[in-house]
Amino acid sequence: MKGIIFFDRDWVLNKKAAEHQYISKIDDFAWNKWAKELIKYSSDLWFTVLIITNQQWIGKGLFTIKDVEIIHNKINSDITDFWGKVSWFYICPHLASINCNCRKPKSWMLEQACNDYNFFDKTKMFLIGDSKSDIEAANNYWISSYKIEPDNIIEHIDNIKLLISKI
Ligand SMILES: [Mg+2]
Ligand SMILES: [Zn+2]
């Protein structure tokens with residue numbers, strides 16, 4: 001493996017839902033086509049692709065970890081059909097209000113991933129996210145990141161590919 005590319009999930013892999021909406025079932029999940037391309041691009045360059053996602057709706061009881069796993073199985077099979085690979089999903093299921101150790105902007109999920117993959121070269125890691133907490137998590141772990149805007153992400157793809165290619 002050459003390094004690790006971390007992706008946030010919601011509004012990065014999938015299209016932005018309406019305000020205060022969440023993704024609780026497969027039908028809610030609509031791919032951003034460019035995200036599939038970026039995952040494949042990363043996989044082709046021998047990066048390990050990991051998804052790092054806050055899902056506090058689980059903590060609110062709106063859906064379960066099992067529901068999330070069903071969605072993640074679909075992501076996996078779609079991306080495999082596209083000749084890319086997502087190696088693992090890291091999920092914080094906790095409410096923001098309980099101040100857990102794993103929820104972004106804390107970097108715990110990133111640290112955990114690096115321990116799991118026994119890979120610690122931070123110059124060979126990169127995170128793509130859409131929210132401030134994604135970028136702060138990357139900053140807290142001292143790795144590079146890129147903040148996309150969900151509404152005009154297509155403009156970012158060449159920039160991101162260039163940055164990944166230079167890692
Ligand atoms: Mg997001
Ligand atoms: Zn948590």
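Biologist: Hello! Let me start with one residue: is Trp11 buried or exposed?
Modeller: In this predicted model, a residue is buried if 20 or more other C-beta atoms lie within 10 Å of its own, exposed if 12 or fewer, and partly exposed in between, with C-beta atoms placed from the backbone. Trp11 has 21 other C-beta atoms within 10 Å, so it is buried.

Biologist: Thanks! Which pLDDT do local features need in this predicted model?
Modeller: Residues are numbered from 1 along each chain as its sequence is written, while chains are lettered from A and ligands numbered from 1 in the order in which they are written. This is a predicted model in which totals for chains, interfaces and linings use all residues, side-chain atom pairs count only at pLDDT 80 or more, and local features need pLDDT of at least 70.

Biologist: Back to Trp11, then. What is its phi?
Modeller: Helices (H or I, at least four residues) and strands (E, at least two) are DSSP runs numbered from the N terminus, and Trp11 sits in the loop between strand E1 (3–7) and H1. Most residues other than glycine have a negative phi. Trp11 has a positive one, near 75 degrees.

Biologist: Trp142 also has a positive phi. Is Trp142 buried or exposed?
Modeller: Trp142 belongs to the loop between H5 and E5, and its phi is near 60 degrees. It has 11 C-beta neighbours inside 10 Å, and therefore counts as exposed.

Biologist: Let's turn to the sheet. What is the order of its five strands?
Modeller: Two strands pair if DSSP finds at least two bridges between them. The sheet is open, with parallel pairing, and strands E3 (88–92) and E5 (144–147) are its edges, each pairing on one side only. From one strand to the next, the twist averages 20 degrees. The order is E3-E2-E1-E4-E5.

Biologist: Which residue in E4 is the bridge partner of Ile4?
Modeller: Ile4 looks both ways: on the E2 side it stands opposite Thr48, where E1 and strand E2 (residues 47–54) pair over five bridges. E1 pairs with E4 in the parallel sense over four bridges, and there Ile5 stands opposite Phe126. The partner of Ile4 in E4 is Met125.

Biologist: How many of the five residues of E4 are buried?
Modeller: In a regular strand the side chains alternate between the two faces of the sheet. In E4, Met125, Leu127 and Gly129 are buried on one side, and Phe126 and Ile128 on the other. E1 has four of its five residues buried, so it is largely enclosed by the rest of the structure. For E4, the number is five of five.

Biologist: At about what angle does helix H5 run to E5?
Modeller: Strand E4 (residues 125–129) pairs with E5 over four bridges, with Leu127 opposite Ser145. Helix H5 (residues 132–140) lies across both strands. Axes are lines fitted to C-alpha atoms, for helices over the stretch in contact, and angles run from 0 to 180 degrees between N-to-C directions. For H5 and E5, the angle is about 170 degrees.

Biologist: And the helices? In which hand does H1 pass H6?
Modeller: The axes of H1 (residues 33–44) and H6 (residues 157–165) come within 11 Å and cross at roughly 15 degrees. Angles under 35 degrees count as roughly parallel, over 145 as roughly antiparallel, 65 to 115 as roughly perpendicular and the rest as oblique, so H1 and H6 are roughly parallel. A crossing is left-handed if the near helix is turned anticlockwise from the far one by less than a right angle, and right-handed if clockwise. This crossing is right-handed.

Biologist: Now a loop residue: how far apart in space are Lys85 and Thr48?
Modeller: Lys85 is in the loop between helix H3 (65–81) and E3, and it is partly exposed because 16 other C-beta atoms lie within 10 Å. Beyond its neighbours within four places in sequence, it is in contact (C-beta atoms, placed from the backbone, within 7 Å) with Ser43, Val49, Ile79 and Thr80. Lys85 and Thr48 are 37 residues apart in sequence, while their C-alpha to C-alpha distance is 7.9 Å.

How values were computed. Two residues are in contact if their C-beta atoms, placed from the backbone, lie within 7 Å.
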